[in-house]
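User: I am new to this structure. Could you take me through some of its contacts, one question at a time?

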Protein chains: 2
Amino acid sequence: MTVETSPDGRQGSPAVDSAARILELLSRYRTRTSTLSEIAAALELPKSTVLRILRTLQAHSLVHHDAETRRYQLGFFTAVLGSRAAEGLDSFTRTRPFLTEISERTGLTAALVQRVSADRLMYVAEQHGAGPSTVHISVGNRFPMFEVSFGRWWVAFSTPAEREALVPAALPAVTDRTPTDREAYLRDCAALGSRSVLVTRDEYIPGVFTSSCAALDPRGQLEGVVVALGFSQSVDGPAEQAVHTVMTDVATRLNAHI
Amino acid sequence: MTVETSPDGRQGSPAVDSAARILELLSRYRTRTSTLSEIAAALELPKSTVLRILRTLQAHSLVHHDAETRRYQLGFFTAVLGSRAAEGLDSFTRTRPFLTEISERTGLTAALVQRVSADRLMYVAEQHGAGPSTVHISVGNRFPMFEVSFGRWWVAFSTPAEREALVPAALPAVTDRTPTDREAYLRDCAALGSRSVLVTRDEYIPGVFTSSCAALDPRGQLEGVVVALGFSQSVDGPAEQAVHTVMTDVATRLNAHI
């Protein structure tokens, strides 16, 4: 996460911004336990500033400091906050049972994708697949909207004017299977609706099959995309049909309210 | 959570302290969605300060602002951080399966209690009971160590000198069944070990039965207490024996490493 100004561009709090970036750093797998020096270097902040913020976060049990290893990690109150956040967020509570259902019925990994800025998405929840080997996704990582197939959902649920602004003139060719014709891309997006399932194979990541559907809020706005991910090779003809049946069923029930 | 100075008393960051208190406020059930004015009033902070902090938290998706209701709630990145924190915290990952096991085998509510300051404890995780009516606990709330039975575990795993400092001269009589004799209390504590189960009935909350055991870290330090809670009336003779069997089994396996 880079330093962001507040949504309307007005002044935020630099110390709180740094605190959020520290928490974010400690949420990544590679840097989940870090020393003061490592945190200061990664965020390009003075050690004295970082120490001051870490002490405050530690006082609230948002970070934990191991006196022996001198490393910081997320604290248990962060876990408490997180479970409260998940309970309170409609998109989590509504989609969670569907993620479980998808992973159980298909054996694939199920995930919830949300939009985190104008053109960035994030995997915000995951349910590991029950199959013998499954695709692992990294909850919390951000990625460009047009470097995954799921970006099409946000285009689909935008107004024509929003689409024009959103979809770049040159779509990135992530692999040689990525669709890059803008007009064809827009037509594909326009065909997606609340009961649709979008299937891709090797389009953005070689070897990965995805099947996704929209999760709409009570007002019919797109609040997330529910995805099933598997290895292309193992999701062959009959298996793909089975996944399709499950995802169509999920899309219908998930969006039954609109 | 009141304003706390940093653990060693040195200067922390007031803005980060306020941010943590805002997140804490939004994690409580009664105040999980709040307006700017409500937050500012609850924390006795100027609205301009709170707005500045909220904007920054919002930019990081740590809080979510509903433009229609003008209410703030915890944002989805808080949920992401929380699941990462839980994954990284040994105490959560090690005890979680045992909480599930206790609730499934006994029908009671299972919880993990941790120490959050010198003399305060907190329920940090809960697994709802499967029974027809169960005791509900409030994850995230802090309570005095000597106003619950679980405090005895921290006394048990302290050195004699620490015990002297920790246990107050006058133990609070929360109900007329609360043990208040300090010498008897210290003897009870001294009898508790890694395989022990502590059973109480109506001692601190009338009508509530508890059975608890220690969760020790790899070095043998007490990192939490695993608790089963139920209604005293429904945990009668044979049911109590069944709970005892489960909790003894859990204590043995949970602390098999020491």
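User: Which residue forms a salt bridge with Arg105(B)?

Analyst: This is a predicted model, where local features need pLDDT of at least 70, side-chain atom pairs count only at pLDDT 80 or more, and totals for chains, interfaces and linings use all residues. Residues are numbered from 1 along each chain as its sequence is written, chains are lettered from A and ligands numbered from 1 in the order in which they are written, and side-chain values use heavy atoms, with hydrogens and water left out. A salt bridge is a side-chain nitrogen of Lys or Arg within 4 Å of a carboxyl oxygen of Asp or Glu. Here the closest N and O atoms are 2.9 Å apart, and the partner of Arg105(B) is Asp249(B).

User: How many residues apart are Arg105(B) and Asp249(B)?

Analyst: Arg105(B) is in helix H5 (residues 90-106) of chain B. Asp249(B) is in helix H9 (residues 237-254) of chain B. Helices (H or I, at least four residues) and strands (E, at least two) are DSSP runs, numbered from the N terminus. The pair links distant parts of the chain, and the separation is 144 residues.

User: What relative accessible area does Arg105(B) have?

Analyst: Buried means under 20% relative accessible area, exposed over 50%, partly exposed in between (1.4 Å probe, protein chains only). Asp249(B) is partly exposed, at 26%. Arg105(B) is partly exposed too, and its value is 43%.

User: Where in chain A do Glu240(A) and Arg201(A) lie?

Analyst: Their side chains meet in a salt bridge (2.5 Å, N to O). The pair ties together parts that are 39 residues apart in sequence, because the two residues sit in separate elements. Glu240(A) is partly exposed at 25%, as is Arg201(A) at 27%. Glu240(A) lies in helix H9 (residues 237-254), and Arg201(A) in strand E6 (residues 198-201).

User: Is Asp66(A) buried or exposed?

Analyst: Asp66(A), in strand E1 (residues 63-66) of chain A, pairs across the chains with Arg219(B), in the loop between E7 and E8 of chain B. Their salt bridge spans 3.6 Å, N to O. The relative accessibility of Asp66(A) is 19%, so the residue counts as buried.

User: How many salt bridges are there between chain A and chain B?

Analyst: Over all chains the count comes to 28 salt bridges. One that crosses between the chains joins Arg219(A) to Glu68(B), with the closest N and O atoms 3.6 Å apart. Between chain A and chain B the count is 4.

User: Which element gives the largest share of the side of chain A that touches chain B?

Analyst: Elements that give two or more residues to this side include helix H1 (14-27), helix H3 (47-59) and helix H4 (76-88) of chain A. By residue type, the side divides into 26 nonpolar, 18 polar and 16 charged (Ala, Val, Leu, Ile, Met, Phe, Trp, Tyr, Cys and Pro count as nonpolar, Asp, Glu, Lys and Arg as charged, and the others, Gly among them, as polar). The largest share is 12 residues, and it comes from H4(A).

User: What area do chain A and chain B bury between them?

Analyst: Contact means heavy atoms within 4.5 Å, and 60 residues of chain A are in contact with 60 residues of chain B. Buried area is the accessible area (1.4 Å probe) that two parts lose on being put together, summed over both. Of this area, 62% is on carbon and sulfur atoms. The total is about 5100 Å².

User: Which residues of chain A does Thr56(B) touch?

Analyst: Thr56(B) lies in helix H3 (residues 47-59) of chain B. Thr56(B) is buried, with a relative accessible area of 4%. Leaving out residues up to four places away in sequence, it touches Gly12(A), Ser13(A), Val16(A) and Asp17(A).
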